Amino acid sequence: MTTTNSFSLQIRDDQIGVITMDIAGESMNVLKAAFADEISALLAEINANTQLKGLVFISGKADSFIAGADISMLDGCKTAEEAQAIGRMGQQMFAQLEQLSIPLVAAIHGPCLGGGLELAMACHARVATNDSKTVLGLPEVQLGLLPGSGGTQRLPRLVGLQKALDMILTGKQLRAAQAKKAGLVDEVVPNSILLDAAVKRALKGKPQREQIKLNLVGKVLERTPFGRNVLFSQARKQTLKKTQGNYPAPLKILDVIKTGVDNGMQEGLAAEAKAFGELCMTKESAALRSLFFATTQMKKESGAGDTKPNKVRKAAVLGGGLMGGGIANVTATKAGIPVRIKDINQQGISNALKYSYSLLQKKFKRRFISKTEMQKQLLLMTGSTDYSGFHDADIVVEAVFEDLALKQQMVADIEQHCAEHTIFASNTSSLPIGQIAAKATRPENVIGLHYFSPVDKMPLVEVIAHEKTSAETIATTVAFARKQGKTPIVVKDGAGFYVNRILALYMNEAANILLEGEPVEKIDKALVKFGFPVGPVTLLDEVGIDVGAKISPILATELGERFVAPAAFDKLLADGRKGKKTEKGFYLYGKNAKKGKKLVDETVYRVLGVTPAPRLNTDEIASRCMVQMLNEAVRTLEEGIIASARDGDIGAIFGIGFPPFLGGPFRYIDQLGAANLLAQLRNLESRFGSRFAPAALLVQMAEQQQKFYA
Ligand SMILES: C[C@H](O)CC(=O)SCCNC(=O)CCNC(=O)[C@H](O)C(C)(C)COP(=O)(O)OP(=O)(O)OC[C@H]1O[C@@H](n2cnc3c(N)ncnc32)[C@H](O)[C@@H]1OP(=O)(O)O
């Protein structure tokens, strides 16, 4: 047996060499530049051994194959050339593996991502486990990068151009069964026989590469120059529409893949390494990498110092509506915890169960989960119209109407029907938690747990501790949310908490601009171009104009005048316009809508008493809404609502889709400069009044030329 720092080679009696990768001191295998020499030494030994029949590459870590190149190493690069050299080194290392004369089989269990998948693709065959921890993908685009060590060239050759474009442009990860269907892995087996299956394959010799199966349209699109031109130009159009030109990586991905397809692998690889180096130096990639570091760091925090969480064995949800159904869904499917749903009527429970069934059915059809997994997860969800099955719940999440008296009644009911230690978590979006806990006998068990809609998709939750919430309750709730696949931020109690507070002022400003006569679609386009997934007016239609109207007065009473929504908005409700759910809002829905087109309901202007006439340019519209959000974010930091700029950045990106390439409100202010933002606010304050008054902390930072991040 030969060992280097991170690799070992063991030759079995059947003359199959097993290369095990296990980086000492790291919880996951990642690729580092220093490995080039180790791999070369290993390969020299392998090439000198004429007895060897084949090789298996496997990870020595319990639950990870390789999570990609070391992102800290990439972050440390000072020049594009330095990053390009790292990509090149990986390319050369993997080319050496591919050129081995004996078969090399990758045995994959756990995340096989980025450089990890690039390595696996250079192997001659791939066997993966059917475990849910096994995921394969090229997520570099989510870091503002592209796969820099052959991924842009090998993936299209393995799975076809269309599938590869989809995977590389989105960074999506496939489960083993999906990867098998795509042609990315050759065999899927249980973890217990992974090594045996890989050895068996290696003993069979090098496999012939099979031609990718395509239907007629696929053949025209991928195998003719005309078809490929159509494919790339369509992909470019869609990419630009999606990114609004804000992200450089996807366009480079298209260029690099096209170079490889048109001019061959070598030119493709050269273009890939060069683009990788360039992208590494962009501010967009730096911002996206900072998100990776922030979220990884947050995974380790309990939310309550050294206090350890208690185990949650069973959960319950009050209310089977859209939110309650979503919360029950992530509890069963992501956390794997049994969950009891209570609603006032049977219909509510059926709706919640049906909702989960349809989501799971979709996952099953996409081969993301097996039928057994689906059935197991469904069995974790049960319901009743009374409190039966609640006595042993460790946490109860309430998702009932936004009504203080009702929520206080729920607290009393839970204290009566559940155990002493049961946590009462409220999914309120605006009511202070202290008020919900005001009549509680065990206020230390009461906490806020604010999810965002749709719950199965939105990654953020706000965990809100009121004055009497115990550290144990905080730590347990944070751990519970994390098990549900969420990124929790712990925020201080106060109306609107963090996310809705900064969102409310941004939405109000969009409403003010609308009342000045700017057309609805122009306002939405301005903010989409800025980088938000949808514009503010669309968002209001989605969330519900009535919901906005309910939250505004609460925020205005607790936080001041600047939160008062424009009075004209009452006219919308008087006109029965609640938004998309009632098919009556700012846009046309239902039978009035035109298929494939989003059209403004022009009658809304009459109701609001305005005549639409575009006057402002899109930058002005975006910046007026944005400065409101940024200024309020600074205020929440000043008041201790959020504990750090990092939490504020993650909250805004994961909670409202703040443009990730800007790194969040605080990183964006650092980019703009506090003084610049202050000048914009002062200017707007002189024109529009005190709603633009700058936060004291911002003034101080501008004067002292400080930044939120060092
Ligand atoms: C040249 C190439 O084309 C370029 C590349 O490969 S770029 C890198 C592409 N890869 C990625 O983007 C994957 C990044 N990693 C992840 O998404 C997640 O870590 C994961 C899905 C692999 C695992 O998630 P999870 O189980 O929650 O574990 P998580 O806490 O995130 O990570 C565990 C540890 O591995 C580290 N880690 C994971 N991937 C890493 C990476 N690519 N680089 C550096 N560290 C990494 C984390 O920092 C953490 O370290 P710590 O224990 O010392 O804090």
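Let's start with the shell around the ligand, by class: 10 nonpolar, 11 polar and 4 charged residues. Here Ala, Val, Leu, Ile, Met, Phe, Trp, Tyr, Cys and Pro count as nonpolar, Asp, Glu, Lys and Arg as charged, and the others, Gly among them, as polar.

A word on the source. This is a predicted model: local features need pLDDT of at least 70, side-chain atom pairs count only at pLDDT 80 or more, and totals for chains, interfaces and linings use all residues. Residues are numbered from 1 along each chain as its sequence is written.

Back to the ligand. It is surrounded by 25 residues, and the closest are A67, G68, A69, G114 and G115. "Near" means a C-beta atom, placed from the backbone, within 6 Å.

Now the domains. The assignment, automatic or from a database, gives domain 1 (2-281), domain 2 (315-492) and domain 3 (499-640 + 673-703). The C-alpha centres of domain 1 and domain 3 lie 45 Å apart.

Last, two helices. How do α13 and α27 cross? Their axes, lines fitted to C-alpha atoms over the stretch in contact, with angles from 0 to 180 degrees between N-to-C directions, come within 11 Å and cross at roughly 105°. So α13 is roughly perpendicular to α27, a label for 65 to 115 degrees. L291, A294, T295 and M298 in α13 meet R646, D649, I650 and I653 in α27. Contact means C-beta atoms, placed from the backbone, within 7 Å.

Conventions. Helices (H or I, at least four residues) and strands (E, at least two) are DSSP runs, numbered from the N terminus. Angles under 35 degrees count as roughly parallel, over 145 as roughly antiparallel, 65 to 115 as roughly perpendicular and the rest as oblique. Two residues are in contact if their C-beta atoms, placed from the backbone, lie within 7 Å.
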